[in-house]
Amino acid sequence: MKWTDTQRIAEELYDNHPEIDPKTVRFTQLRDLIMALPNFDDDASRCGEKILEAVQMAWINEAE
């Protein structure tokens with residue numbers, strides 16, 4: 001997965017971290033959670049606030 005795979009990342013986060021409320025995650029924590037996903041393979045420097053925001057919104061939608 002790459003940073004642009006926002007929906008897939010959100011699904012993986014939902015599956016791997018059901019105990020976390022995505023509405024309460026800080027962007028720094030979110031970045032770390034994404035980079036720790038087993039199928040994630042992208043450079044941390046390619047991550048920006050807009051990508052993290054998109055992932056967080058997708059994760060919130062997945063959780064609801």
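**Entry 1. Ground rules.** The model is predicted, so I note that local features need pLDDT of at least 70 and side-chain atom pairs count only at pLDDT 80 or more, while totals for chains, interfaces and linings use all residues. Residues are numbered from 1 along each chain as its sequence is written, and side-chain values use heavy atoms, with hydrogens and water left out.

**Entry 2. Salt bridges.** I searched the whole structure and recorded four salt bridges. The term requires a side-chain nitrogen of Lys or Arg within 4 Å of a carboxyl oxygen of Asp or Glu. One of them joins K2 to D41, with the closest N and O atoms 4.0 Å apart. I then located the partners: K2 is in the segment before α1 and D41 in the loop between α2 (27-35) and α3 (49-63), which puts them 39 residues apart. Helices such as these are DSSP runs of H or I with at least four residues, strands are runs of E with at least two, and the numbering starts at the N terminus. D41 is exposed, at a relative accessible area of 54%.

I next examined K23 and E64, which form a salt bridge with 3.6 Å between the closest N and O atoms. This pair also links distant parts of the chain, K23 lying in the loop between α1 and α2 and E64 in the segment after α3, 41 residues apart. K23 is exposed at 54%, and E64 is exposed at 65%. I also noted a salt bridge between the side chains of R46 and D42, at 3.7 Å from N to O. R46 is exposed, with 60% relative accessible area.

**Entry 3. A charged residue without a partner.** I found E12 in helix α1 (residues 6-16). E12 is buried yet has no salt bridge, and R8, the nearest side chain of opposite charge, is 4.8 Å away. For charge, Lys and Arg count as positive and Asp and Glu as negative, while His and the chain ends are not counted. Beyond its neighbours within four places in sequence, E12 contacts M1, L37 and N39, contact meaning heavy atoms within 4.5 Å.

**Entry 4. The aromatic pair.** I recorded one aromatic pair in the structure. W3 and F40 form this pair edge-to-face, with 4.7 Å centre to centre and 70 degrees between the planes. Rings of Phe, Tyr and Trp (its six-membered ring) pair if their centres lie within 6.5 Å; planes under 30 degrees apart count as stacked, over 60 as edge-to-face and the rest as tilted. W3 lies in the segment before α1 and F40 in the loop between α2 and α3, so the pair ties together parts 37 residues apart in sequence. W3 is buried at 1% relative accessibility, and F40 is buried at 10%.

**Entry 5. Core and α3.** I list 17 residues in the largest nonpolar core, where F40 and W59 are among those with the most contacts. Such a core is a set of buried Ala, Val, Leu, Ile, Met, Phe, Trp, Tyr and Cys residues joined through side-chain atoms within 4.5 Å. α3 gives the most to this core, with four residues. The buried residues of α3 include W59, and their cover includes α1 and α2.

Notes:
Buried means under 20% relative accessible area, exposed over 50%, partly exposed in between (1.4 Å probe, protein chains only).
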